[in-house]
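Q: How should I read the packing and the charged pairs in a model like this one?
A: Start with the structure itself.

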Amino acid sequence: MSVAGSRPASTLARSAAGASDSRPSARVASIDAIRAIAVLAMIAYHFCFDLRYFGVITPDLEHGPVWLVARSLILSSFLLLAGLSLVLADANKMSDERFWRHLGAIAGCAVLVSAASYLMFPQTFIWFGVLHAIAVTLVIARPLVHFPRIAFLTGCVVIAAGIAFSHPVFNQFALGWIGFLTVKPYAEDYVPLFPWAGVVFCGIAVGHALVRNRFAVLAPIAAPPRWLAWLGRHTLAVYMVHQPILIAALWVILRH
């Protein structure tokens, strides 16, 4: 999955972002569209969760096969995009300062999610969810951003190990974020590094493959509607505000 030819990934990524905008900070509209689609799917899933919370519907989100598959697909899309974004950030020459600032924003939001979930669900609050996993994995995966084949193999090993191996020692809270638990913890969201960090590593390989092919496979969504592109550019902000808005709206509607 290495970049073909003698042209560096940075050159290919910037040219693929659009001939009319060759600035290093140029975005890839098709990737923003995919982010937006993932966000919409997440909002729909959380809306069903909120409806259950208010007793409107009774879906088995924790055990139902359809719901488990839906959660896995939505979660995988965000993690894959996180790895892909590492490649695009490197191609666009993101400075170390900007990277750590971005990482700090994700980590800060993860802390806020934990605090808010503790207020609502003190017994099952989110102590290591998707934002926590992304923040940690971005640091671990960044050194492999120039080595897509190694990143892909690492990702496969992490995923396989996370699925195949477990041990009671990891059931304790101090080690639970790593994975390998024999019993899934009671938490509203739980995304351990094993196996889920593997998806981020695989995202690096996917990012290189897309850059190499100038994002040709994503041509059908290369010009998304403005609202969809906007949503894809502000996924973290939307992630943070969508649940308070949904819960508040349902509370107002259902109390009458």
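**Core and salt bridges**

A: The largest nonpolar core has 62 residues, and those with the most contacts inside it are I31, L79, V130, L131, L138 and F215. A nonpolar core is a set of buried Ala, Val, Leu, Ile, Met, Phe, Trp, Tyr and Cys residues joined through side-chain atoms within 4.5 Å. Helix α3 (65-91) is among the elements that give two or more residues to this core, and α3 supplies the largest share, 10 residues. Helices are DSSP runs of H or I, at least four residues, numbered from the N terminus.

This is a predicted model: local features need pLDDT of at least 70, side-chain atom pairs count only at pLDDT 80 or more, and totals for chains, interfaces and linings use all residues. Residues are numbered from 1 along each chain as its sequence is written, and side-chain values use heavy atoms, with hydrogens and water left out.

Q: Is Y190 buried or exposed?
A: Buried means under 20% relative accessible area, exposed over 50%, partly exposed in between (1.4 Å probe, protein chains only). Y190 has 8% relative accessibility, so Y190 counts as buried. Y190 lies in the loop between α6 and α7.

Q: Which side chain meets R71 in a salt bridge?
A: A salt bridge is a side-chain nitrogen of Lys or Arg within 4 Å of a carboxyl oxygen of Asp or Glu. The partner of R71 is D189, at 3.0 Å from N to O. R71 is in helix α3 and D189 in the loop between α6 and α7, so the pair ties together parts 118 residues apart in sequence. Both R71 and D189 are buried.
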